[in-house]
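Reader: Please take one part of this model and go through it closely. Keep it brisk, and finish with the wider setting.

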Amino acid sequence: MSGGEVHWYAWLNRLRRSWRYQLAYRLARPQAPKHPTPFRGPALIVGSAPVSNLPDGFDSRFAVICVNGSQAATAGWGIDAPDVTFLQFNQVEGKGERAVAVRRALSGKRCGILYVLRWPRSETRLREGLAAFDYGFNELRLINQYHRTRLADVVLGRVVPESDNESKFSNGVTAVLYAIHSGATDVIITGIDPSSTGHVYNDLKMQRLHADTDVKILMELLERGFRLYTSDPHVAESTGLPLWSKKELRE
């Protein structure tokens, strides 16, 4: 098979996977996850990149959403418990170094609502797994890939299929979409750097996945007029996202 034929065959297979995924999504008819009490002010989304910055003017008006082990950063800012945490399923029982590091970062901490993505087993086992590293929460919710797709569909008006790794977006972008859907007046991201390697809670220097899709979605949100910012100067420079300043705060 020639190079051109291989490329064409791979493209066709990707298209088929996308069609199958979109059909399954339509049949599932999921609801987009949304905060039970609408956000009335800005929302801070904290990812796990090695560098993060508390936004200028941060105060009690901000809702705080953490991703995976990013409470390693927020704890140093005096934030006892974020309003929401998004946690990937394999961080609960995974044996890899990244999963172990996430559990270490979250041990003894808590949050308001905990969303666990794509948990494949029973809720009882999930609760036992969370208790094993002493992570507390007020409410536990399970969501799958179709809930994430619905969230993007509601906010962007289009389906972003999770039929392969190239098309998926990260949990950080999931948190951004959630904040917008929940009524946040402004969304400020920190510790979300598509070009970075490594995580704030370990020194493994692992490459980030879904970087291209993440940047495209963030730029699309900006172009659509959503008030999206970063509090990380280097991310503002590399992505084109506006740098947050407290002058943006609306009374």
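Author: Thr190 lies in strand E6, which covers residues 187-190. The model is predicted. Is Thr190 buried or exposed? Thr190 counts as buried because its relative accessible area is 0%, and the cut-off for buried is under 20%.

Now turn to helix H7. H7 spans residues 171-181. The helix is mostly covered, with 11 of its 11 residues buried. Among them are Asn171, Thr174, Tyr178 and His181. Val173, Val176, Leu177 and Ile180 are buried too. Gly172, Ala175 and Ala179 are also on the buried list.

Both ends of H7 have a detail to look at. At the start, Ser170 brings a side-chain oxygen to within 3.3 Å of the backbone nitrogen of Gly172. After H7 comes Gly183, with a positive phi near 95°.

Last, the whole chain. The secondary structure comprises nine helices and nine strands. The protein chain has 251 residues, and 53% of them count as buried. Take the contacts between residues at least 6 apart in sequence: 69% of these join residues at least 24 apart.

Notes: Residues numbered from 1 in each chain as written. Predicted model: local features only at pLDDT ≥ 70, side-chain atom pairs only at ≥ 80, totals over all residues. Heavy atoms only, no water. Helix = DSSP H or I, 4+ residues; strand = E, 2+ residues; numbered from the N terminus. Buried < 20%, exposed > 50% of the residue type's maximum accessible area, 1.4 Å probe, protein only. Polar contact = N/O pair within 3.5 Å; in protein donor to acceptor, adjacent residues only side chain to side chain. Contact = heavy atoms within 4.5 Å.
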